[in-house]
Amino acid sequence: MNPLPPEAAPSPPSGADAHYRALEQLYASAPINLLFRSALTLGDAGRSQIDFTVEPSSFHAAGAAHGTLYFKMLDDAAFYAANSLVSDRFLLTTAFNLHFTKPLREGPAMAEGRWISGRRRVFVAEARIVDSSGEECARGTGTFLRSHIALAGLAGYVSG
């Protein structure tokens with residue numbers, strides 16, 4: 001079997017794309033995601049998407065998703081939307097406001113994050129969760145602070 005000629009070999013991602021792939025790997029490497037299985041996708045600066053499935057193991061006593069799941073997915077979606085704009089430092093959540101609008105039941109769901117403002121030290125981003133029928137179940141807004149933690153120093157952040 002002949003190897004691909006150099007011009008046909010795929011080139012590794014670079015620039016913003018490499019940063020997005022490294023953030024996706026960082027997200028996947030977080031131990032919390034063993035409890036809340038999900039997948040992060042970054043494609044545009046300031047935007048994120050997390051696909052997940054609501055499992056009965058995350059239900060409260062009345063048979064719908066516990067607020068823990070809402071917060072985790074909204075915080076992560078907003079956080080990664082903001083951190084997609086920062087290639088050198090890990091951001092930290094300093095505040096998060098959450099509004100529940102509909103019970104989240106078993107099945108596929110998606111959290112969408114969007115950067116709103118800030119580019120230096122403090123960032124504001126919002127997120128929403130939609131269920132498989134496309135209905136919004138929750139919405140939140142977070143404030144994120146640039147930390148002293150270098151992304152390149154985190155084991156899960158593998159760039160290039």
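1. A word to start with: contact here means heavy atoms within 4.5 Å. Please keep in mind that this is a predicted model, where local features need pLDDT of at least 70, side-chain atom pairs count only at pLDDT 80 or more, and totals for chains, interfaces and linings use all residues. Residues are numbered from 1 along each chain as its sequence is written, and side-chain values use heavy atoms, with hydrogens and water left out.

2. Let us begin with the overall plan. The protein holds two helices and six strands, in the order α-β-β-α-β-β-β-β from the N terminus. Helices (H or I, at least four residues) and strands (E, at least two) are DSSP runs, numbered from the N terminus. The C-alpha trace spans about 60 × 45 × 25 Å along its principal axes.

3. Next comes the surface. Areas follow the Shrake-Rupley method with a 1.4 Å probe, and for residues only the protein chains shown count as cover. The accessible surface of the protein is about 8800 Å², with 56% of it belonging to carbon and sulfur atoms. Of the 160 residues, 38% count as buried; buried means under 20% relative accessible area, exposed over 50%, and partly exposed in between (1.4 Å probe, protein chains only).

4. H2 is mostly covered, with 14 of its 17 residues buried.

5. One of the residues of helix H2 is aspartate 76. Is aspartate 76 buried or exposed? Its relative accessible area is 14%, so aspartate 76 is buried. Leaving aside neighbours within four places in sequence, aspartate 76 is in contact with Tyr27 and Ile50.

6. Now to the inside. A nonpolar core is a set of buried Ala, Val, Leu, Ile, Met, Phe, Trp, Tyr and Cys residues joined through side-chain atoms within 4.5 Å. The largest one has 36 residues, and Phe52, Met73, Leu104, Ile129 and Phe144 have the most contacts inside it. At least two residues of this core come from each of H1 (15–29), E2 (47–54), H2, E3 (89–100), E4 (107–117), E5 (122–131) and E6 (136–150). H2 gives the largest share of this core, nine residues.

7. Threonine 141 counts as partly exposed because its relative accessibility is 32%. Apart from neighbours within four places in sequence, threonine 141 is in contact with Ala95, Phe96, Asn97, Val124, Ala125 and Glu126.

8. Over in strand E5 you will find valine 122, which counts as partly exposed at 42% relative accessibility. Setting aside neighbours within four places in sequence, valine 122 is in contact with Ser117, Thr143, Phe144 and Leu145.

9. Finally, visit the loop between H1 and strand E1 (38–41), where leucine 35 sits. Leucine 35 is exposed because its relative accessible area is 67%. From leucine 35 to glutamate 126 is 23 Å, C-alpha to C-alpha, and the two are 91 residues apart in sequence.
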